[in-house]
Amino acid sequence: MTIPLTPTSARQPQQRGRLQSMTGKTIKAAIGPLVLGLPLALWQICFFVLPLGFLGVVTFWQVRNYRLQPAFVLDNWERMLGSNAFQRAFVHTFSVAAIATVLALVLAWPAAQTIALRLSPRARDRWIAFLILPIFSSYILKVYAWQVILSPQGIINSLLTAAGVSSLNLLGGALSLQIGYMTLTLPAVTLILTFALLGLDRDIIDAARNLGCKGPTLITSVLIPAIRPGIIFAGSTAFLLAFGDYGSPVFLTGSNPPTLSILIVDTIKSGSQWPRASVIGVTMLALPAVGFLIVTMVKWLLKRTRA
Amino acid sequence: MPFRPTDLSRRGFLSAGAAASALAATSQWSPAFAQEPEVLNYLSWPGNADPYLVSEFEKENNCKIMIKEYVGGDQMLAVLNQSPPGSFDMVMADAEYMHLLKDADYLEELDPADYPLNDFFPEFQKFPLHWFDDKLYGVMTDFGYLGLSYNTDLYQPEEVASYDVMWSDKAKGKVGFLDWYLPSMGCVSLSAGNTPPFDLSEDGFEAMKDKLFSLRDQASGFYTIADIFSSLRNGQAHMIPGIGEWITLGLRMDGAPVDTVLPEEGGLQWTESLSILKGTKKRDLARKFIQYTTSPRGQVLQATKVDNKKSIPSVAGWKLLNDTMPKEAEILRMQFDQPNVMEEYKKGRIHYRQLPSLQPIEDWNDIWSDFKSA
């Protein structure tokens with residue numbers, strides 16, 4: 001509903017008329033979004049809510065003779081959550097995904113700021129197109145390409161050897177893993193930050209500059225606070241992509257050590273343990289929800305103490 | 001937070017995918033043509049219905065071989081358990097899974113007189129893992145050895161004469177592993193002096209576990225079969241225990257500096273066999289297929305298959321190979337008058353790859369997962 005800009009006194013007769021037809025209009029106003037939102041809601045129910053529920057139910061089932069059987073046992077939860085392999089994989093996956101998130105944000109920020117605030121509209125569109133392009137090529141293919149580039153007898157090491165430098169152990173390890181994660185996350189994170197900065201009111205920046213704010217201070221005191229939701233979205237996208245990724249840990253570190261998604265595959269490979277794999281899956285899905293809950297609670301507490 | 005919904009829908013896709021696969025796992029697999037008379041349904045490792053292997057048989061018998069591929073015995077058992085009886089007419093299985101198939105009553109008893117077992121090397125005529133209560137349930141089709149594969153540019157044969165080399169400083173961070181507990185832990189068990197390697201007392205099991213974990217810092221990675229090839233080729237792994245010539249021979253023919261040795265502590269043998277499954281209506285056709293595969297001609301085809309070179313148990317097969325493809329016989333080390341693949345067997349250093357007999361498989365699997373994440 002738009003806010004009438006006319007003075008209150010002039011609006012009054014009109015308002016009374018409006019009140020009379022309010023109910024009819026509200027229903028009409030509500031039907032539009034309902035119809036438009038229905039396909040998405042149905043889709044989400046069919047392909048998110050129901051499968052998620054099923055995934056949760058399966059965690060209580062058991063496997064007998066390689067066959068999944070409905071049951072209600074807590075054994076899968078006890079075994080998985082209590083196993084060293086799961087705990088270590090969880091800590092490892094969480095920390096590498098967190099590092100990837102910070103790396104992606106730090107690496108993407110200068111590019112996003114340049115594209116959004118420095119370039120001419122034409123150049124900006126071109127660079128945004130460049131960022132969208134990688135999304136159209138296969139991620140697994142890119143990971144394999146990195147394997148070829150980084151391997152002991154790969155492109156980089158061949159060049160180093162030719163230059164008389166001893167070869168480096170690039171493949172298999174934190175560096176190669178983060179290279180893979182950046183391949184996966186950087187384009188998306190840069191795009192999100194770019195669009196967030198583009199949506200910023202330029203007057204704010206000009207005003208800040210007029211008041212003598214520049215350089216790093218401009219970033220920390222003006223830009224970051226102004227696009228905080230965008231940063232949180234970019235960060236959570238990077239985190240979730242890295243947290244659930246299978247390609248980079250398998251092909252760039254040789255599962256050394258395994259991440260949670262690798263553990264899911266292992267669990268199914270050894271004895272068709274779908275219920276235990278589901279425990280890992282549900283835990284991975286629950287993590288963002290728990291994180292979201294904590295953030296909301298902290299915010300609420302902060303607001304209360306301030307009040 | 002305005003962006004959350006989009007964010008959640010991505011997770012939605014992931015979880016939907018996972019649940020859909022779970023659902024697929026519970027539903028029963030049914031082959032499209034299971035009941036057609038001219039179709040032979042074959043549950044097997046990948047590549048075993050390659051036209052190179054089966055087209056002659058298909059032409060002769062006017063039939064079609066429909067393969068359902070599996071990777072690893074666990075998956076084979078899962079497929080069988082989830083399919084109605086009669087879905088498959090025959091199965092190619094690794095020897096260590098035969099007793100599980102037998103215990104679950106999947107296998108038809110075979111008449112030894114139907115098959116050219118007398119053509120086989122004496123060692124394989126009554127291969128213990130294929131016979132139960134003196135009755136035959138599977139006919140051996142091929143075998144191979146698993147030992148220590150290594151980079152020949154970096155190591156001399158005498159350096160890799162013992163599995164101990166895996167613990168050397170030179171090999172630090174360069175020992176690759178096939179991501180399957182059975183052959184990997186089998187070789188570690190051999191290196192700890194356990195023969196046979198899979199029948200371990202509780203103490204022996206603990207000792208093997210300690211020995212395995214002491215290898216953790218030496219590991220370069222845990223590879224799938226596809227990645228085993230690339231890690232050996234690109235130098236990421238300098239040695240890999242528990243694999244064999246079925247991987248290194250192909251690589252070597254492509255020019256990669258790799259070879260496999262059977263260290264002094266011994267090696268493992270994998271063995272594949274064909275069995276007829278209960279509930280089949282095409283018993284005769286299945287029997288003919290086994291006869292074809294174990295005939296000299298069928299054996300030569302098995303040995304020279306492009307993607308996966310195998311050793312064959314049939315002496316008649318060896319003869320035909322030497323007569324018609326002498327070059328291959330030399331490469332495959334299946335010449336009678338030269339050091340050949342039967343020699344290691346005769347030296348008594350070969351142990352069957354078997355499932356752990358005194359601990360649940362799950363315990364071995366758990367230790368393997370633990371080792372990888374340690």
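A residue counts as partly exposed when its relative accessible area lies between the under 20% of buried residues and the over 50% of exposed ones. A:Ile132, at 33% relative accessibility, is therefore partly exposed. The structure is a predicted model.

**Second largest pocket**

- The volume of the second largest pocket is about 930 Å³.
- Its lining is formed by 35 residues, and those nearest the centre of the pocket are A:Ser270, A:Gly271, A:Gln273, A:Arg276 and B:Glu362.
- From chain A, strand E1 (62-64), helix H3 (75-82), helix H4 (84-118) and helix H13 (260-269) each give at least two residues to the lining of this pocket.
- From chain B, helix H3 (73-82), helix H4 (98-103) and helix H15 (361-373) likewise each supply at least two lining residues.
- H15(B) provides the largest share of the lining, with 7 residues.
- Sorted by class, the pocket lining holds 13 nonpolar, 12 polar and 10 charged residues.

**Cavities**

- Across the whole structure, 3 cavities of 30 Å³ or more are found.
- The largest cavity has a volume of about 60 Å³.
- Helix H2 (51-61), helix H10 (283-294) and helix H11 (296-304) of chain B are the elements that contribute two or more residues to the lining of the largest cavity.
- Residues lining the largest cavity include B:Tyr42, B:Asn48, B:Leu53, B:Met92, B:Phe289, B:Tyr292 and B:Gln302.
- The lining of the largest cavity has 7 nonpolar residues, 4 polar residues and no charged residues.

**B:Trp167**

- B:Trp167 sits in the loop of chain B that runs between strand E6 (139-151) and strand E7 (175-178).
- With a relative accessible area of 22%, B:Trp167 is partly exposed, because the cut-off for buried is under 20%.
- B:Lys102 is 65 residues from B:Trp167 along the chain, and the C-alpha atoms of the two are 39 Å apart.

Conventions
Residues are numbered from 1 along each chain as its sequence is written. Chains are lettered from A and ligands numbered from 1 in the order in which they are written. This is a predicted model: local features need pLDDT of at least 70, side-chain atom pairs count only at pLDDT 80 or more; totals for chains, interfaces and linings use all residues. Side-chain values use heavy atoms; hydrogens and water are left out. Buried means under 20% relative accessible area, exposed over 50%, partly exposed in between (1.4 Å probe, protein chains only). On a 1 Å grid over the protein atoms alone, a cavity is a set of points where a 1.4 Å probe fits but cannot get out, and a pocket is an open set with protein on both sides within 12 Å along at least five of seven lines; lining residues have an atom within 4 Å of a point. Grid points are joined across faces, edges and corners, and a volume is the space filled by probe spheres set on the points. Helices (H or I, at least four residues) and strands (E, at least two) are DSSP runs, numbered from the N terminus. Ala, Val, Leu, Ile, Met, Phe, Trp, Tyr, Cys and Pro count as nonpolar, Asp, Glu, Lys and Arg as charged, and the others, Gly among them, as polar.
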